[in-house]
Amino acid sequence: MQSHLLHCRRLLLTLTLLGASSIAAGAEPAGAWPQPYTKVSAKSVEWMKAKQWWPLTVAWQPAFAGQNATMFTMASNGLLARRGIETKFDPVANGGLVNKAITAGAAQVGSAGNFPVTTLVDAGAPIRVIAITAPNLRHHVIVPKDSPIKKVSDFKGMRPPAQIGLVLGTSAEFYFQATAAANGVRVGSDVILKNTPQPEQARMPKELAAVVPWDPTATLITNEQKTGRAIDVSYPYNVYQGSVYIRKELVEEVPDVAQAIAEAYVEADLLIRLAPEKTAEAMAASPDLKAFSRELLLVQIREYNLLYKPTYLYPLGRFFGQQNQDVALWLHLRGKLKKPLERADYEAFFAQGPMDKVFEQLGWKVPILPP
């Protein structure tokens, strides 16, 4: 803890010396980044226009804690525009929809959890992971407050089968399938999975015996609405990481654009650290985040943006590839992947070069393991 606090003090001192003062989402960054900004080349802009990727489109998820704060801060402060990139931020509901947009070329930047990214790796999709976001995003199995269900194993032998609301094709499905297997609950027999968007999960429909949201929806249900209680948590089953990924052509053909995206993401993280309260206030005023209060958003920022040293952003492909082998094996055994992916398969989809340059620029040491 002492070394972490020392690191944060040094970081804040560095930013203050650069001229950082009162910084908030939507305000002038005022020197929170080494000035002047390096802008992408005219040649790269022309290349993107020829690909019809101008403006650059970013697919982000408002109901994805940690990631939402960083993407919102990038957008509201124009951090890509400051680097010469005209940008459009498109809000989407879940990682599966991000995948569709990225694969089709409708978006060139996106973020999703380890289940959606695994499906992209399996398909050989044209993406490269350039940053980590929202590590250890909490998922819960939540039942109504008056439910007799106390633990996941209580679903065994349910007749008729209990309906479980979750978003199929996401980390929530992997987590529930894993906890069901560990607790002897048969999916398709004891329980039936129903594809349920997170806003609908938040309403706790009476026909559902449980829902499986991730944060901030999980905390919204249990702590603010107080309409449900958590009976299980995702931590024992996977070291979750969200990935920020871009079309691989950006890395290969216009590396200055990939570099600018990585820079903007790190700068957004630093701005949040300098003004978390103001960031939460600005987020709460956004139509895309109207379902969440300022107080809830601030709690989420502290948990998913401020908890670790900022070096958590570095895309350690070897580490996360090792962790995600379990996700891939589970998907393969259920016929959802062509083959069980291994660490090296994941590593090939990580592009560390853009973040290497950012860390060198800031004088940060690349971590051997995530902080």
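Q: How many bridges join strand β1 to strand β3 (residues 109-112)?
A: Strands of a sheet pair through backbone hydrogen bonds, either parallel or antiparallel. Here two bridges join β1 to β3, and the strands run parallel. Two strands count as paired if DSSP finds at least two bridges between them. Val-58 stands opposite Val-109 in β3. Strands (E, at least two residues) and helices (H or I, at least four) are DSSP runs, numbered from the N terminus. This is a predicted model: local features need pLDDT of at least 70, side-chain atom pairs count only at pLDDT 80 or more, and totals for chains, interfaces and linings use all residues. Residues are numbered from 1 along each chain as its sequence is written, and side-chain values use heavy atoms, leaving out hydrogens and water.

Q: Which residues point each way from β1?
A: In a regular strand the side chains alternate between the two faces of the sheet. Leu-56, Val-58 and Trp-60 point one way, Thr-57 and Ala-59 the other. Buried means under 20% relative accessible area, exposed over 50%, partly exposed in between (1.4 Å probe, protein chains only). Five of the five residues of β1 (residues 56-60) are buried, so the strand is largely enclosed by the rest of the structure.

Q: How do the axes of α4 and α5 cross?
A: Two packed helices are described by the angle between their axes and the distance between the axes. Axes are lines fitted to C-alpha atoms, for helices over the stretch in contact; angles run from 0 to 180 degrees between N-to-C directions. The axes of α4 (residues 95-104) and α5 (residues 114-123) come within 9 Å and cross at roughly 35°. Contact means heavy atoms within 4.5 Å. Gly-95, Gly-96, Asn-99 and Thr-103 of α4 meet Pro-116, Thr-119 and Leu-120 of α5.
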